[in-house]
Amino acid sequence: MQPLTLSQIRYSFINASRSESARLTPPPGFDRLDWDGLDVLGWRDPKMPLRGYLALRTTDGRLVSVLLRAPAGGARKNRAVLCELCRSVEATNDVLLWVARRAGASGRNGNTVGTLICADFACSANVRIAPPEGDMHPDPQLVVDRQIEGLIARADQFARRVSER
Ligand SMILES: [Zn+2]
């Protein structure tokens, strides 16, 4: 994805108050991120670990960021389910049920959207894991390209669900 600045991210939240977005702590190493290796930028707040953020470009080119809440009680291991963004079967990281307040009045009335997402938001790395070359996948790079497209499309759908009134 194209490099983003912190203020671009802060202004692009669709479901966070101004003070919530102002208080966010950027991901570690934010000024050295490998943007070419990212299709979405997700991270847990280093100071408020129950908070997560997902910044993405919608398919029509808008920058959208979503504030997420992790389940209280800490990280639960859960490898029985797939992350709904990367759907990686190769990855071994934990998946959490993250909850996003809906945008606008609906969110202020308490409506939320729950989605299973990698606990560490490693989705962009996960979709770059090529399957073993073989009869099933004669061209692993083609599979990776398709996985990247899938991640971008599902992140877009997720942003739409959060925006729905
Ligand atoms: Zn994922």
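Here are some questions and answers about this predicted model.

Me: What order do the elements of the protein run in from the N terminus on?

Reply: Let's start with the parts list: the protein has 5 helices and 5 strands. Reading from the N terminus, the order of those elements is α-α-β-β-β-β-α-β-α-α.

Me: Why is the protein called as compact as a globular protein of its length?

Reply: The C-alpha atoms fill a box of roughly 50 × 35 × 30 Å along the principal axes. For 165 residues, the globule rule gives 15 Å. The protein counts as compact as a globular protein of that length because its radius of gyration is close to that value, at 16 Å.

Me: How much of the protein is made up of buried residues?

Reply: A residue is called buried when its relative accessible area is under 20%. Going by that cut-off, the buried share of the 165 residues is 44%.

Me: Which helix gives the most to the lining of the largest pocket?

Reply: That pocket holds about 180 Å³ of space, and its lining includes R10, Y11, F13, R18 and S21. Two helices, α1 (6-11) and α2 (18-23), each supply at least two lining residues. The top contributor, with 3 residues, is α2.

Me: How many residues in the lining of the largest pocket are charged?

Reply: The lining is made of R10, Y11, F13, I14, N15, A16, S17, R18, S21 and A22. Sorting them by type gives 5 nonpolar and 3 polar residues. As for charged ones, the count is 2.

Me: Which parts of the chain does the W43 and Y53 pair tie together?

Reply: The structure holds 4 aromatic pairs. In one of them, W43 and Y53 are tilted, at 4.9 Å centre to centre with 45° between the planes. The two residues are 10 apart in sequence, and because W43 lies in residues 41-44 and Y53 in residues 51-57, the pair ties together strands β1 and β2.

Me: How many residues apart are W98 and F121?

Reply: W98 and F121 form a tilted aromatic pair, 4.9 Å centre to centre and 40° between the planes. W98 is in strand β4 (residues 95-101), while F121 is in the loop between β5 (112-118) and α4 (123-126). The pair links distant parts of the chain, and the gap in residues is 23.

Me: Are W98 and F121 buried or exposed?

Reply: The cut-off for buried is under 20% relative accessible area. W98 comes in at 0%, so W98 passes. F121 comes in at 8%, so F121 is likewise buried.

Me: What is the phi of F121 near?

Reply: F121 lies in the loop between β5 and α4. Its phi is positive even though the residue is something other than glycine. The value is near 55°.

Me: Where is R87, with its positive phi, found?

Reply: R87 is not a glycine, yet its phi is positive, near 50°. As for its place in the chain, R87 is found in the loop between β3 (63-69) and β4.

Me: How many disulfides does the structure hold?

Reply: A disulfide is a covalent bond between the sulfur atoms of two cysteines. Cysteines are present here: C118 counts as buried because its relative accessibility is 1%, and C123 is buried too, at 1%. The number of disulfides, though, is 0.

Me: Is I152 buried, partly exposed or exposed?

Reply: I152 has its place in helix α5 (residues 140-163). Its C-alpha atom is 8.2 Å from that of L85, which is 67 residues away along the chain. The relative accessibility of I152 is 33%, so the label is partly exposed.

Methods: Residues are numbered from 1 along each chain as its sequence is written. This is a predicted model: local features need pLDDT of at least 70, side-chain atom pairs count only at pLDDT 80 or more; totals for chains, interfaces and linings use all residues. Side-chain values use heavy atoms; hydrogens and water are left out. On a 1 Å grid over the protein atoms alone, a cavity is a set of points where a 1.4 Å probe fits but cannot get out, and a pocket is an open set with protein on both sides within 12 Å along at least five of seven lines; lining residues have an atom within 4 Å of a point. Grid points are joined across faces, edges and corners, and a volume is the space filled by probe spheres set on the points. Helices (H or I, at least four residues) and strands (E, at least two) are DSSP runs, numbered from the N terminus. Ala, Val, Leu, Ile, Met, Phe, Trp, Tyr, Cys and Pro count as nonpolar, Asp, Glu, Lys and Arg as charged, and the others, Gly among them, as polar. A disulfide is a pair of cysteine sulfur atoms within 2.5 Å. Buried means under 20% relative accessible area, exposed over 50%, partly exposed in between (1.4 Å probe, protein chains only). Rings of Phe, Tyr and Trp (its six-membered ring) pair if their centres lie within 6.5 Å; planes under 30 degrees apart count as stacked, over 60 as edge-to-face and the rest as tilted. The radius of gyration is taken over C-alpha atoms; the globule rule is 2.2 Å times the number of residues to the power 0.38.
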